[in-house]
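Open the model in a viewer and keep the selection panel at hand. The stops below are given in the order in which to select them.

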There are 2 protein chains.
Amino acid sequence: MDQHTINFQEKFTKFSEHWSPKIIAQMNDYHFKIAKIQGEFVWHSHPETDEVFIIIEGELKIAFRDGISLLKEGEMLVVPKGVEHKPIAEEECHILMIEPAGTVNTGDVGGDLTVEEVDWV
Amino acid sequence: MDQHTINFQEKFTKFSEHWSPKIIAQMNDYHFKIAKIQGEFVWHSHPETDEVFIIIEGELKIAFRDGISLLKEGEMLVVPKGVEHKPIAEEECHILMIEPAGTVNTGDVGGDLTVEEVDWV
């Protein structure tokens with residue numbers, strides 16, 4: 001590890017709040033964001049972009065209108081653009097998300113869980 | 001796990017050859033590619049795009065003209081576009097790469113290690 005290397009576990013020690021994504025890297029106009037999540041998020045979609053979830057630690061359910069996907073550590077899923085989904089984590093789960101810079105966490109629905117300004121860690 | 005969930009370890013069981021990336025997912029116009037690598041690759045750069053390496057298993061050194069980065073499991077690195085680099089793995093290493101669809105593995109140098117047609121697994 002050196003100044004260019006990004007260690008997921010080390011980044012997760014930098015914050016504790018749930019549903020508050022933090023940027024850890026940029027690739028072209030895409031952001032790599034990590035988040036600690038627990039409980040149920042809101043139903044939403046991203047009309048403009050696909051969104052990738054990678055599970056770093058724990059388990060995540062992603063509900064779709066036609067079923068539920070279960071993701072464990074070492075697994076990923078692409079939510080296609082425009083597809084309604086709802087992340088659910090029964091226990092605290094650590095995730096990596098990849099999506100275009102500026103993608104809003106609550107997508108097209110907004111609400112209290114919306115994070116307007118995403119910080120780097 | 002279901003039909004939407006992608007399990008990295010399961011995908012790595014699908015092939016054994018080194019330096020032969022396989023596509024496992026697409027997000028917008030980006031591909032998620034896995035590869036088993038061992039030995040030294042060629043110096044090259046990608047003039048058009050950044051490139052992300054995530055280590056799934058093992059250790060990877062990425063040599064730059066001004067130093068070497070060491071990446072271990074659970075670590076990632078962004079190679080900025082146009083920056084010469086050379087991946088080196090002393091033991092077999094399993095990596096995930098993220099870059100625009102159509103990005104050629106040997107970038108601007110070509111040669112015997114170039115993979116023109118990247119298959120899905």
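Select A:Trp19 first. In this predicted model, A:Trp19 counts as partly exposed, because 19 other C-beta atoms lie within 10 Å and a residue needs 20 or more to be buried. The residue sits in the loop that runs between helix H1 (8–12) and strand E2 (22–27) of chain A. Check the backbone here: A:Trp19 is not a glycine, yet its phi is positive, at about 60 degrees.

Go on to A:Asn28, in the loop between E2 and strand E3 (30–40) of chain A. A:Asn28 also is not a glycine and has a positive phi, of about 50 degrees. With 17 other C-beta atoms within 10 Å, A:Asn28 is partly exposed.

Next, select A:His4, in the segment before E1 of chain A. Is A:His4 buried, exposed or partly exposed? Its count is 17 C-beta neighbours inside 10 Å, so A:His4 is partly exposed. Which residues does A:His4 contact, apart from its neighbours within four places in sequence? They are B:Ser69 and B:Leu77, and with these the tour crosses to chain B.

Now show strand E1 (residues 6–7) of chain A together with E7(B). These two strands pair in the antiparallel sense, over two bridges. To see one partner pair, pick A:Ile6 and B:Met76, the latter being the bridge partner of the former in E7(B).

Chain A gives 24 residues to the contact and chain B gives 23 residues. On chain B, the elements that each supply at least two residues of the side touching chain A are strand E1 (6–7), helix H1 (8–12), strand E2 (22–27), strand E6 (67–72) and strand E7 (75–79). E7(B) provides the largest share of that side, four residues.

How are the two chains arranged? Superpose chain B on chain A: a rotation of 180 degrees, with 0.0 Å of shift along its axis, does this at an RMSD of 0.0 Å. The two copies are therefore related as by a two-fold rotation axis. The copies meet through the same surface, because 100% of the interface residues of chain B are also interface residues in chain A.

The largest nonpolar core has 44 residues. Select A:Phe53, A:Leu60 and A:Ile95 with B:Phe53, B:Leu60 and B:Ile95; these have the most contacts inside the core.

Centre the view on B:Ile95. What does B:Ile95 touch, residues up to four places away in sequence not counted? The list is B:Ile34, B:Ala35, B:Ile37, B:Phe53, B:Ile54, B:Ile55, B:Ile56 and B:Leu60.

The last stop is B:Gln38, in strand E3 (residues 30–40) of chain B. B:Gln38 has 13 C-beta neighbours inside 10 Å and so counts as partly exposed. Neighbours within four places in sequence aside, B:Gln38 is in contact with B:His18, B:Ala89, B:Glu91, B:Glu92 and B:Cys93. To finish, draw a distance from B:Gln38 to B:Leu70, C-alpha to C-alpha: the two are 14 Å apart in space and 32 residues apart in sequence.

Note on methods. Residues are numbered from 1 along each chain as its sequence is written. Chains are lettered from A and ligands numbered from 1 in the order in which they are written. This is a predicted model: local features need pLDDT of at least 70, side-chain atom pairs count only at pLDDT 80 or more; totals for chains, interfaces and linings use all residues. A nonpolar core is a set of buried Ala, Val, Leu, Ile, Met, Phe, Trp, Tyr and Cys residues joined through C-beta atoms within 7 Å. A residue is buried if 20 or more other C-beta atoms lie within 10 Å of its own, exposed if 12 or fewer, and partly exposed in between; C-beta atoms are placed from the backbone. Two residues are in contact if their C-beta atoms, placed from the backbone, lie within 7 Å. Two strands pair if DSSP finds at least two bridges between them. Copies are superposed by least squares on the C-alpha atoms of residues with pLDDT of at least 70 in both.
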